[in-house]
Amino acid sequence: MTGSRVQENQMDSTDEQLMAAYRNGKAAAFDRLYERYRGPVYRYLLRHCANDAECEELFQDVWMKLIRGAHQWREGEPVRPWLFRIARNRLVDYWRRPRVVHESLDEGVVPTNGAWPDALLQIRDCIERLKHLLSRLAAAQRDAFLLKEEGGLSLAQIADVTGVGRETVKSRLRYAIRNLRSGLEDCDDTA
């Protein structure tokens, strides 16, 4: 089989097939998994971190844990929830350690000289408000919401990753969405 044909087959492979191939020494399978999940994992971590540098550190740790722990993955276990469980466990460690919060002087600076059209300013305001509202959610609600939205996990997978019942996950999602919607009511007009 030629190199491009192997790559083509990996594009069509399931996450579980790729993980099994990686465990069997096929480095290209890891590359494909990384390509599939780097964005969702990064965004999930970013929404929980105080700054980009901490997010980068956690992001690298998650992938290193996957590399080192590939032998712990059980054949047939869905990879997506397993990967997000690694990310969540790394976040729990992050939340437990003492940290110093550094605020950037540049954050939130918007040109006031009319350089941005009003619609863009409104959209930026809504995005900033969403980030703020996410940070104000109860940790369990934020976690459930981000696992659903950024991780693409189902209710059952979120329940498994977080170690709570499916109904608890539904409740946390319901409250998170209600709180976010109430804080973004006037943003419907900007879209």
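I will go from the overall fold to the charged residues, and then to the cysteines.

Some ground rules come before that. This is a predicted model, in which local features need pLDDT of at least 70, side-chain atom pairs count only at pLDDT 80 or more, and totals for chains, interfaces and linings use all residues. Residues are numbered from 1 along each chain as its sequence is written, and side-chain values use heavy atoms, with hydrogens and water left out.

How many helices and strands does the protein have? There are nine helices and zero strands. Helices (H or I, at least four residues) and strands (E, at least two) are DSSP runs, numbered from the N terminus. Of the 191 residues, 37% count as buried. Buried means under 20% relative accessible area, exposed means over 50%, and partly exposed is in between, with a 1.4 Å probe and protein chains only. The accessible surface comes to about 11800 Å², and 49% of that belongs to carbon and sulfur atoms. Those areas come from the Shrake-Rupley method with a 1.4 Å probe; for residues, only the protein chains shown count as cover.

Contact here means heavy atoms within 4.5 Å. Among contacts between residues at least 6 apart in sequence, 62% join residues at least 24 apart.

A quick stop at helix 2, residues 15-23. Its buried residues include Leu18, Met19 and Tyr22. Just after helix 2, glycine 25 takes a positive phi of about 100°.

Now to helix 7, residues 139-149, where we find arginine 142. Arginine 142 is buried yet has no salt bridge. A salt bridge is a side-chain nitrogen of Lys or Arg within 4 Å of a carboxyl oxygen of Asp or Glu. The nearest side chain of opposite charge to arginine 142 is aspartate 143, 7.1 Å away. For charge, Lys and Arg count as positive and Asp and Glu as negative, while His and the chain ends are not counted. What lies 3.1 Å from a polar atom of the arginine 142 side chain? That is the backbone oxygen of serine 135. Leaving aside neighbours within four places in sequence, arginine 142 is in contact with Arg47, His48, Leu134, Ser135 and Leu137.

Aspartate 143 is also placed in helix 7. Aspartate 143 is buried, with a relative accessible area of 2%. Its side chain makes a polar contact of 2.4 Å with the side chain of tyrosine 44, and another of 2.3 Å with that of arginine 88. A polar contact is a pair of N or O atoms within 3.5 Å; within protein, one must be able to donate a hydrogen and the other to accept it, and residues adjacent in sequence count only if both atoms are side-chain atoms.

Side chains of opposite charge can pair when their charged atoms come close.

One joins arginine 43 and glutamate 150, at 2.6 Å from N to O. Arginine 43 lies in helix 3 and glutamate 150 in the loop between helix 7 and helix 8, so the pair ties together parts that are 107 residues apart in sequence. Glutamate 150 is buried at 14% relative accessible area, whereas arginine 43 is partly exposed at 34%. Arg43, Arg47 and Glu150 are linked in a network of salt bridges.

Another pairs aspartate 61 with arginine 90, at 2.7 Å. Aspartate 61 is in helix 4 and arginine 90 in helix 5, so this bridge ties together parts 29 residues apart in sequence.

In the remaining example, aspartate 160 meets arginine 85, with the closest N and O atoms 2.4 Å apart. Because aspartate 160 lies in helix 8 and arginine 85 in helix 5, the pair ties together parts that are 75 residues apart in sequence.

Last, the cysteines. A disulfide is a covalent bond between the sulfur atoms of two cysteines. The cut-off used here is a pair of cysteine sulfur atoms within 2.5 Å. The structure holds zero disulfides. Cysteine 49 counts as buried at 12% relative accessibility, and cysteine 55 counts as buried at 0%.

That is where I stop.
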